[in-house]
Amino acid sequence: MQFYSCDSHVVEGRAVFDGLAERFGETAPTIKMEPGEGEFLYIGGQKRVAVGRFGIAGNRLGTPETNAKIAAGYDGLNPGVVDPNKRLAEQEQDGIRGEVMYPSLSMFTFAVEDPAIKAAAFRQHNDWILDYCAPNRDRLIGIGCLPVPDVDACVAEAKRAGELGVRGFAIPSHAPIDQSYADPMYDPLWAVLEDMQLPVTMHIFTGTSFDCGLPEHWGTPGGTLKGYTLSHTTVANSIMDLIASGVVARFPGLKFVCAEFETGWVAHFKQRLDHAAYRTPWELADEVTMKPSQYFDRNFWVTFEDDAQGIATRHDIGIGNLVWGNDYPHHDSIWPNSMKTLDDVLAGVPDNERQAMVWDNVMDLYNIDQANL
């Protein structure tokens, strides 16, 4: 049996942010060194996150050694985070054959309000990710970013970067309240992504605001107990918008990947959404002719890392809708112990189901050429 991670990350190089502050001022994302602390991503003049924290898989937070790595910034990152050729060796160290890699630092750029800044930053991200994946574009699949809610800019960048070879795109897990994914304004974007057969990812910690749409008294997904525990509600809200408004009925070929929210909540969510549709059918668009759960089964995938609750309810979620990821190179990644973790989480799962979740589904989702692995 072989294994492929459908939830890993890059740590964007300095080139992704080069020149943005000079062009747009301190509102733009930029990297600054804080003596003794390391390099940080700044947005809007505010310190957002330490670069070094994103690339230290295999290390435990809070130790002097880990603190030193974080303080070293880019120089403290694991070798494969900076050098994609070395990353191939780190894949083998974890027992896997390849990775779908989502943003790290660029996740915060989704919350930049200025559309020109966001479009410029994501164009640089998408160019950089193509270079990073050059050693093997089937073992290293880099996900691009689109500047939601500027639909014209999204369409242009999806065409440009997609034609250059970007294999899928990230959009925020939560769009603006007054421009939600239910709004027909996004139809030109859905049409392009469907036509190009490019999967669309909604990842934890991404939103068009830093709170990802959560109520103020919950806090942020990354910064508070309530915000993190309830972070899956941000993507659940978007899933409901995409289904109830008829988006996935009108664009049946769309593929949405909900990444790093884990999966223990999904089976109950599907059941409850079907019952809600029965109770309030007038809230469904005329195009919605199937149960909401049937659209989920056709158009949505969810990633798991070490989620025993999700595996226990896998048949209700859908074996074909589950894809595994090791979250490399983040500090809470299970790398380099993915094989042991999977043996524990998937204990008692038949081989055919295990293979679907750790290999077959991601092969189909991203049309991966197995001859190149």
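Predicted model: local features only at pLDDT ≥ 70, side-chain atom pairs only at ≥ 80, totals over all residues.
To find Asp94 in the structure, look in the loop between α4 (84–93) and β5 (99–102).

Which residues does Asp94 touch, once its neighbours within four places in sequence are left aside? The contacts are Asn326, Ile334, Trp335, Pro336, Asn337, Ser338 and Met339. With one of these, Asn326, there is also a polar contact, side chain to side chain, at 2.9 Å.

Another residue to look for is Lys340. Along the chain, Asp94 and Lys340 are 246 residues apart, yet 9.8 Å separates their C-alpha atoms.

Now for some empty space. Rolling a probe the size of a water molecule over the atoms shows where such space is left. How many cavities of 30 Å³ or more does the structure hold? There is one, and the largest cavity contains about 60 Å³ of space.

The lining of this largest cavity is made by Ile129, Leu130, Cys133, Arg137, Leu140, Ile141, Gly142, Gly165, Val166 and Arg167. Two or more lining residues come from each of α5 (115–132) and β6 (140–142), and β6 gives the most, with three residues. Sorted by class, six residues of the lining are nonpolar, two are polar and two are charged.

How values were computed
Residues numbered from 1 in each chain as written. Heavy atoms only, no water. 1 Å grid on protein atoms, 1.4 Å probe; cavity = no way out; pocket = protein on both sides within 12 Å on 5 of 7 lines; lining within 4 Å. Points joined across faces, edges and corners; volume = space filled by probe spheres on them. Helix = DSSP H or I, 4+ residues; strand = E, 2+ residues; numbered from the N terminus. Nonpolar A, V, L, I, M, F, W, Y, C, P; charged D, E, K, R; others polar. Contact = heavy atoms within 4.5 Å. Polar contact = N/O pair within 3.5 Å; in protein donor to acceptor, adjacent residues only side chain to side chain.
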